[in-house]
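Please read the following account with the sequence and the three-dimensional view side by side.

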Amino acid sequence: LPPKVEPISDRPPVTPAAESSAAAAAHARSAVSSWLGGLASGSTARIGQALDGSARPQADLLTLVRDNRVAGVTPEGVDVQVDGDRGSATASTPIAWRSPFGATRRVPVRFSFELRREGAEWRVAAAHIVGTPTLR
């Protein structure tokens, strides 16, 4: 009998660890998207825990959230890296808000995130605005 020939695959086999890492990244990405979506909620409780309000852009963003003036946030390009129970992410999103006179302003904002896994859940532990967008 001739030897059995196995088909050659261009892809390496997927290991359970790789599947677990991919699932962790997906859950972490979901946590970032949820946090960004919370900017339009009007509640600073969850947002304020992660976003340091000492820098001007962060303080201005917290004011917009607290005053319930954020009209829309659409996350774009969420990039996540996970390592065990910790991770980091970056995301860009245009933030739209209503001015006191009713006009809507829109500014692109880039965030960096520190992520933590607690049990099976991922959460945003810290969020920082990259650069100095004007959010007033």
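Does Arg-123 count as buried, exposed or partly exposed? The model is a predicted one, and in it Arg-123 has a relative accessibility of 35%.

Side chains of opposite charge can pair when their charged atoms come close. Another such bridge joins the side chains of Glu-114 and Arg-116, with an N to O distance of 3.8 Å. Glu-114 has a relative accessible area of 34% and is partly exposed; Arg-116, at 21% relative accessibility, also counts as partly exposed. The value for Arg-116 is not under 20%, and therefore this residue is not classed as buried.

A further bridge involves residues adjacent in numbering. Asp-67 pairs with Arg-66, their closest N and O atoms being 3.6 Å apart. Asp-67 is partly exposed, with a relative accessible area of 37%. Arg-66, by contrast, is exposed because its relative accessible area of 51% is over the 50% limit. Elsewhere, salt bridges link Arg-56, Asp-60 and Arg-136 in a network.

Most residues other than glycine have a negative phi, and most peptide bonds are trans. Asn-68 is not a glycine, yet its phi is positive, at about 55 degrees. With 41% relative accessibility, Asn-68 counts as partly exposed.

Strand β2 (residues 76–83) and strand β3 (residues 86–98) run antiparallel and are joined by six bridges. Together β2 and β3 form a hairpin with two residues between them, and Gly-84 in the turn has a positive phi of about 70 degrees. Within this pairing, Glu-76 stands opposite Ser-92 in β3. In a regular strand the side chains alternate between the two faces of the sheet.

Val-130 is 38 residues from Ser-92 in sequence, and their C-alpha atoms are separated by 9.6 Å. Val-130 itself lies in strand β5 (residues 121–130). Which residues does Val-130 contact, leaving aside its neighbours within four places in sequence? The contacts are with Arg-110, Phe-111 and Ser-112. Val-130 has a relative accessible area of 46% and so is partly exposed, the value lying between 20% and 50%.

Ser-43 is placed in the loop between α1 (16–37) and α2 (44–50). Its relative accessible area is 36%, and Ser-43 is accordingly partly exposed. From Ser-43 to Val-65 the separation is 22 residues in sequence, while their C-alpha atoms are 6.6 Å apart in space.

Conventions
Residues numbered from 1 in each chain as written. Predicted model: local features only at pLDDT ≥ 70, side-chain atom pairs only at ≥ 80, totals over all residues. Heavy atoms only, no water. Helix = DSSP H or I, 4+ residues; strand = E, 2+ residues; numbered from the N terminus. Buried < 20%, exposed > 50% of the residue type's maximum accessible area, 1.4 Å probe, protein only. Contact = heavy atoms within 4.5 Å. Salt bridge = Lys/Arg side-chain N within 4 Å of Asp/Glu carboxyl O. Pairing = 2+ DSSP bridges.
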